[in-house]
Amino acid sequence: FYLNSPRITSQPFGSSYPPRLKCDVKAYSLSRDYFSAVAVALLNAQKEILITCWKNSPCVLLTRPPLPSLRLDHILKYKAEQGVKIFILLYKEVEYVGQGNDSGAARHYLTNLHKNIRCIRHPNKFIGGS
């Protein structure tokens, strides 16, 4: 049984298993390319957009020149106006730790953009929190 296991043989990049075929996965080495791909994916959404993040900056630029400048909040508002449901889960930082996520302000800003944008913060397990 174990003689035919893929873990016995050497795999590319020193991984435990062989690469999977027909997987829609892309690796990005430049954040510019990644953020542009995120902008395109958000603009192609037709029913739902699900976002979860540790730190959210709603006004972040997703595209850089020579492409037209597109901000995350503008794209989300545009898609919400088209009827796309948007759900955002933010990490609720712990008070007095100095993380500076300011998830409360991000939640307030995003939920006030449109009624189709729903934003919640992960509950705090400690007393306090912002």
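**Reading local features in a predicted model**

Analyst: At 88% relative accessibility, K22 counts as exposed, and since the model is a predicted one, each value below should be read as computed from that prediction.

User: Where does K22 lie, and what is its phi?

Analyst: The general idea comes first: most residues other than glycine have a negative phi, and most peptide bonds are trans. In this structure K22, which is not a glycine, has a positive phi of about 60 degrees, and K22 belongs to the segment before α1.

User: Which residues does a cis peptide bond join?

Analyst: The bond between P65 and P66 is cis, with omega at about 15 degrees. As for its setting, P66 sits in the loop between β1 and α2.

User: T63 is found in that loop too; is T63 buried or exposed, and which backbone atoms does its side chain reach?

Analyst: To read burial, one compares the relative accessible area with a cut-off of 20%, under which a residue is called buried. T63, in the loop between β1 and α2, has a relative accessible area of 5% and is therefore buried. Its side chain reaches the backbone oxygen of P68 at 2.5 Å, while a polar atom of the T63 side chain lies 2.9 Å from the backbone nitrogen of L70. Once neighbours within four places in sequence are left aside, the contacts of T63 are S36, A39, P68, S69 and L70.

User: How many salt bridges does the structure hold, and how exposed or buried are the residues that form them?

Analyst: A salt bridge is read here from the distance between a side-chain nitrogen and a carboxyl oxygen, with a cut-off of 4 Å. The structure holds 2 salt bridges. One pairs D33 with R32, their closest N and O atoms being 3.4 Å apart; D33 is partly exposed at a relative accessible area of 35%, and R32 is likewise partly exposed at 46%. The other pairs D73 with R71, where the closest N and O atoms are 2.6 Å apart; here D73 counts as buried at 2% relative accessibility, whereas R71 is partly exposed, with a relative accessible area of 26%.

User: What volume does the largest pocket have, and which residues lie closest to its centre?

Analyst: The largest pocket holds about 210 Å³ of space. It is lined by 13 residues, of which F35, V38, I51, N56 and L72 are the closest to its centre. Two or more lining residues come from each of the elements α1 (31–44) and β1 (48–53), and α1 gives the most, with 4 residues.

User: How does the lining divide into nonpolar, polar and charged residues?

Analyst: The lining of the largest pocket comprises 9 nonpolar, 3 polar and 1 charged residues.

User: N56 is among the residues closest to the centre of that pocket; where in the chain is N56 found, and with which residues is it in contact?

Analyst: N56 is placed in the loop between β1 and α2, and it counts as buried because its relative accessibility is 12%, which is under the 20% cut-off. Beyond its neighbours within four places in sequence, N56 is in contact with L72, L90, A106 and L110; of these, L72 is also listed among the residues closest to the pocket centre.

How values were computed: Residues are numbered from 1 along each chain as its sequence is written. This is a predicted model: local features need pLDDT of at least 70, side-chain atom pairs count only at pLDDT 80 or more; totals for chains, interfaces and linings use all residues. Side-chain values use heavy atoms; hydrogens and water are left out. On a 1 Å grid over the protein atoms alone, a cavity is a set of points where a 1.4 Å probe fits but cannot get out, and a pocket is an open set with protein on both sides within 12 Å along at least five of seven lines; lining residues have an atom within 4 Å of a point. Grid points are joined across faces, edges and corners, and a volume is the space filled by probe spheres set on the points. Ala, Val, Leu, Ile, Met, Phe, Trp, Tyr, Cys and Pro count as nonpolar, Asp, Glu, Lys and Arg as charged, and the others, Gly among them, as polar. Buried means under 20% relative accessible area, exposed over 50%, partly exposed in between (1.4 Å probe, protein chains only). A polar contact is a pair of N or O atoms within 3.5 Å; within protein, one must be able to donate a hydrogen and the other to accept it, and residues adjacent in sequence count only if both atoms are side-chain atoms. Contact means heavy atoms within 4.5 Å.
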